[in-house]
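Open the structure in your viewer and keep the sequence panel beside it. This tour tells you what to select at each stop and what you will find there.

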Amino acid sequence: MSTTHPSAETVDAAAKSLLTSERERFPDSIIEINQRLYERGWTDGLPVIPPTEEAVRWMLGGTDRGPDELIAVLPPAQGEATVEKIAINAVMAGCRPEYLPIVITTIECVAEERLNLYGRQTTTHPGAPLIIVNGPMARELEVNAGFNVFGQGWRANATIGRALRLCLMNIGGGTPGKTDRATHGHPGKYSYCIAENEAANPWEPLHVERGLARETSAVTVIWAEAPHNINDQRNESAPGILRTAASVMATLGGNGFYRQGEALLVLSPEHAATIAGDGWTKDDVRRFLFEQARERFGRVKQGGIFGLGDLPRWIDQHEVGDQVGPPGGHADGDVRGAAAGGAEEAEYFGGAKGDVFRERHDAAVFVEERAGNGELLGRSWAASELVPGDGAHLDDRARARELVEPFPFRAGAGEGMDEKVGVEVHAHQKPMSSSLMRRISASGSVRSKS
Amino acid sequence: MPTATIVTEAFLEAARRQARNLGIPGLPLAIVEHPFAGQARETVEARAEQAAPQVVTILTEPAELLADRFARADPAA
């Protein structure tokens with residue numbers, strides 16, 4: 001007597017056949033189809049691959065998950081991001097099925113409560129979800145981590161980021177000018193996806209630093225502004241290069257200058273090699289930037305969003321002339337006066353509860369390469385790792401810092417500094433330039449179940 | 001608890017859409033001119049004067065009446 005229970009394969013096949021989305025007949029013209037989809041607001045403005053049932057089934061071949069599995073509910077429309085709906089948008093974006101597990105994982109990432117997706121989707125701020133792929137899958141799928149890493153030319157980078165954007169629009173209801181109130185937005189809102197060049201990274205890869213195995217594939221999502229180039233072809237030492245980076249970080253127009261928010265530093269392999277060659281760790285980099293990415297308080301008061309809300313406690317507002325006593329004074333008179341540090345980054349999860357997590361300097365160290373296979377990321381920035389507080393502990397730390405030797409830091413000099421920081425170093429097009437993204441509002445990393 | 005939500009005209013559609021998405025299509029809204037942020041004191045005071053009588057109405061009228069009226073005021077509700 002044969003079993004009365006269907007095999008797992010049969011169940012899977014049956015589940016996969018149950019596509020529940022409405023069907024609609026369109027003219028047999030890709031031009032006309034695209035015109036109609038565009039007019040409905042279902043695209044990002046660029047042509048899409050029509051999500052026919054055949055194409056959606058092809059896409060679903062990239063995951064073992066059933067099409068009806070609910071991955072997340074996306075605000076502000078509170079749309080249900082099922083595997084089927086995600087697959088439809090992945091088809092439209094031009095993904096291959098092998099990318100689908102990464103796309104699904106990005107949805108898990110952005111839905112993490114701490115990322116405050118509701119606020120991210122509706123804010124006037126020009127942020128976009130930056131997807132960072134680590135591990136063997138990044139290499140196997142050829143997610144670019146090298147030349148033109150933020151630019152065009154690689155299908156995985158171009159379509160994974162685009163699929164997330166289409167999901168945020170079509171499932172989450174983030175409609176530009178309507179619910180998505182971004183004043184300017186930035187080009188990364190079309191697609192914003194990179195990989196880390198782990199082979200050229202002198203330090204630990206991002207996902208390893210956050211507690212995952214090197215052979216685990218991982219996705220980290222950070223809500224970030226557009227990248228700003230850091231061109232330094234003069235310096236041959238860690239402090240020289242990083243002073244240039246700190247200068248780019250500390251500008252009056254940056255939200256993170258007056259409030260919380262991380263900064264993500266993406267280093268070219270050459271810069272990373274120089275910095276690591278001086279014996280600096282990622283923590284040394286973070287700490288240096290925390291100290292150096294500052295501005296005179298007299299200048300801080302002249303612009304930006306000064307006066308709107310309380311300043312972070314780590315900004316010393318005790319003016320001396322037009323300067324301020326440094327929260328963590330050190331030998332460099334040019335920077336000691338002052339105030340806000342763009343490098344500082346207590347994460348600012350957007351507002352609902354007003355919880356602020358401080359003192360997480362960020363810079364990320366990546367490096368370049370191509371492409372790999374395995375699982376995606378796993379919540380390495382758990383809320384429990386964050387340090388909520390009023391910043392009082394920083395005062396003590398600042399005083400203690402005065403006793404520390406001037407730069408360069410030695411291993412251990414950063415001891416006690418909060419770990420939350422993400423300094424990624426990263427690969428880049430111009431060998432001697434790195435880049436910075438300010439105002440990173442949140443991030444989440446999730447291990448894929450696919 | 002009676003609550004009045006103040007929005008500027010530029011955010012009115014976004015506010016209505018989000019209220020609908022959250023299941024409260026008749027959310028009472030006190031509407032003022034845009035912009036509000038980064039304005040001179042006189043402008044901000046003018047906005048406050050615009051908002052004040054609306055806020056009083058929203059805080060004192062019966063909730064059912066308000067829900068009905070604001071739902072009807074929303075073309076998409």
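The stops below go from the whole of one chain to single residues.

**Stop 1: chain A as a whole**

Keep in mind that this is a predicted model. Select chain A and color it by secondary structure. Its secondary structure comes to 16 helices and eleven strands. Of its 450 residues, 55% count as buried.

Now color chain A by pLDDT. The average is 73, and 66% of the residues score at least 70. Select residues 320-432 of chain A, where pLDDT stays under 50. The model has 360 contacts beyond four places in sequence for this stretch. Then select residues 438-450 of chain A, where the pLDDT is below 50. That stretch has 79 contacts beyond near neighbours in sequence. Where pLDDT is low, the predicted coordinates should not be read in detail.

**Stop 2: the nonpolar core**

Which residues have the most contacts inside the largest nonpolar core? Select A90(A) and V103(A), which hold that place in a core of 92 residues. Stay on A90(A) and show its surroundings. Leaving out residues up to four places away in sequence, A90(A) touches M59(A), C95(A), Y99(A), L100(A), V103(A) and A163(A).

**Stop 3: a buried strand**

Select strand β5 of chain A, residues 218-224. Seven of its seven residues are buried, so the strand is largely enclosed by the rest of the structure. A218(A), T220(A), I222(A) and A224(A) point one way from β5(A). V219(A), V221(A) and W223(A) point the other way. Both sets are buried.

To see one pairing, pick A128(A): its bridge partner in β5(A) is A224(A).

**Stop 4: two helices**

Select α8 of chain A, residues 155-170. How many of the 16 residues of α8(A) are buried? The count is 14, so α8(A) is largely enclosed by the rest of the structure. At 1.5 Å a residue, α8(A) should span 22 Å; its end C-alpha atoms are 21 Å apart, which agrees.

Move to α10 of chain A, residues 238-249. This helix has twelve residues and reaches 16 Å from its first C-alpha to its last, close to the 16 Å expected at 1.5 Å a residue. Ten of the twelve residues are buried, so α10(A) is largely enclosed by the rest of the structure. The buried residues include I241(A), L242(A), V248(A) and M249(A). R243(A) and T244(A) are also among them.

**Stop 5: T179(A) and chain B**

Select T179(A), in the loop between α8 and β4 (193-195) of chain A. Is T179(A) buried or exposed? T179(A) is buried because 22 other C-beta atoms lie within 10 Å, and the cut-off for buried is 20 or more.

Now show what T179(A) touches, not counting residues up to four places away in sequence. In chain A the list holds P76(A), Q121(A), T122(A), G173(A) and G174(A). In chain B it holds A14(B), R17(B) and Q18(B).

Widen the view to both chains. Six residues of chain B are in contact with eight residues of chain A. By class, the side of chain B that touches chain A has two nonpolar, two polar and two charged residues.

**Stop 6: backbone details**

Most residues other than glycine have a negative phi, and most peptide bonds are trans. The next picks depart from that pattern.

- P76(A), one of the contacts of T179(A), lies in the loop between β1 (70-74) and β2 (79-82) of chain A. A cis peptide bond joins P75(A) and P76(A), with omega about 5°.
- Q78(A) is found in the loop between β1 and β2 of chain A. Its phi is positive, near 55°. Q78(A) counts as partly exposed, with 15 C-beta neighbours inside 10 Å.
- N116(A) sits in the loop between α5 (100-110) and α6 (117-122) of chain A. N116(A) has a positive phi of about 55°. With 22 C-beta neighbours inside 10 Å, N116(A) counts as buried.
- P35(B) is in the loop between β2 (29-32) and α2 (41-60) of chain B. The peptide bond from H34(B) to P35(B) is cis, with omega near -5°.

Technical notes
Residues are numbered from 1 along each chain as its sequence is written. Chains are lettered from A and ligands numbered from 1 in the order in which they are written. This is a predicted model: local features need pLDDT of at least 70, side-chain atom pairs count only at pLDDT 80 or more; totals for chains, interfaces and linings use all residues. Two residues are in contact if their C-beta atoms, placed from the backbone, lie within 7 Å. Ala, Val, Leu, Ile, Met, Phe, Trp, Tyr, Cys and Pro count as nonpolar, Asp, Glu, Lys and Arg as charged, and the others, Gly among them, as polar. A nonpolar core is a set of buried Ala, Val, Leu, Ile, Met, Phe, Trp, Tyr and Cys residues joined through C-beta atoms within 7 Å. Helices (H or I, at least four residues) and strands (E, at least two) are DSSP runs, numbered from the N terminus. The expected span of a helix is 1.5 Å times one less than its number of residues. Two strands pair if DSSP finds at least two bridges between them. pLDDT is the predictor's confidence in each residue, from 0 to 100.
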